[in-house]
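Have the viewer open, try each task, and then follow the solution step by step.

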Amino acid sequence: MQFATVDGIKTRPEPKLRGTCPHCGSEMISRCGRVKVWHWAHNRNPHCDRWWESETQWHRDWKNCFPIEWQEISQTDPVTQEIHIADVKNPFGLVIEFQHSRIKPEEREAREDFYDEMVWVVDGLRGELDESWFNMGLSRTPIQKSPLAYQVEWWGRSRLLHDWSQTKSKVYLDFGKDHLWRLVLFDPDRKMGAVGPIAKSAFIDDCMRGTYIHVSELGDDAEETSADNSK
């Protein structure tokens, strides 16, 4: 976790700090080593959210695009009483989950049912060749102009598009550029689908304002973005 409560204040980890978990009240200790990103860990108890995963710098960079008070927001399941902590939740009710590691379909579905109004941002650079396979299969001309969409074929061995083709929430793939790719659809049998580009800045701005997330039209910067991405 990036935050614990220290003297009543939401605080990032620093060496030798101790605090309490803002979600379950357990004692927290700071972990500030040289390999993993600095984080807070429950001192004796297991993590209070069974969905939680170890965070990378990619997670932190994304979460820090949003105000501190929107980050690591917990909710309690009214049936099971389990605590679940959203990466980011804006004041308008939208949850944004940043997913680096592979996730089991059952957990993905459970998160979508629990949070209801949510979107996924998926790390497309986790697989060593995923970005290359994506670029190879991406069409050079749009198949649709409004909203802008491109055909994509998947020839790679990984299951990046397969794994995210059955979600009921919107999925945005992040390949480390200044734009994301919204996964419009993907047919696992044909290994073919459609994606639409969106500038990261537009995505963040729409989430900040609580408006419907921007969909690019032909003539936006997105068409040039597609050409740059496929080089």
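**Exercise 1: Around Arg60**

Leaving out residues up to four places away in sequence, Arg60 touches Met1, Gln2, Val37, Trp38, His39 and Glu55, where contact means heavy atoms within 4.5 Å. Before going on, note that this is a predicted model, in which local features need pLDDT of at least 70, side-chain atom pairs count only at pLDDT 80 or more, and totals for chains, interfaces and linings use all residues. Residues are numbered from 1 along each chain as its sequence is written, and side-chain values use heavy atoms, with hydrogens and water left out.

Task: Find the element that holds Arg60, and decide whether Arg60 counts as buried or exposed.

Solution: 
- Step 1. Arg60 belongs to helix 1 (residues 57-63); helices are DSSP runs of H or I with at least four residues, strands are E runs of at least two, and both are numbered from the N terminus.
- Step 2. Arg60 counts as buried because its relative accessibility is 7%. Buried means under 20% relative accessible area, exposed over 50%, and partly exposed in between (1.4 Å probe, protein chains only).
- Step 3. Between the C-alpha atoms of Arg60 and Phe98, 38 residues apart along the chain, the separation is 9.4 Å.

**Exercise 2: Helix 5**

Task: List the buried residues of helix 5 and what they pack against.

Solution: 
- Step 1. In helix 5 (residues 200-209), the buried residues are Lys200, Ala202, Phe203, Ile204, Asp206 and Cys207.
- Step 2. Their packing partners are helix 1, strand 8 (95-99), strand 9, strand 12, strand 13 and strand 14 (192-199).
- Step 3. Just after helix 5, Gly210 has a positive phi of about 75°.
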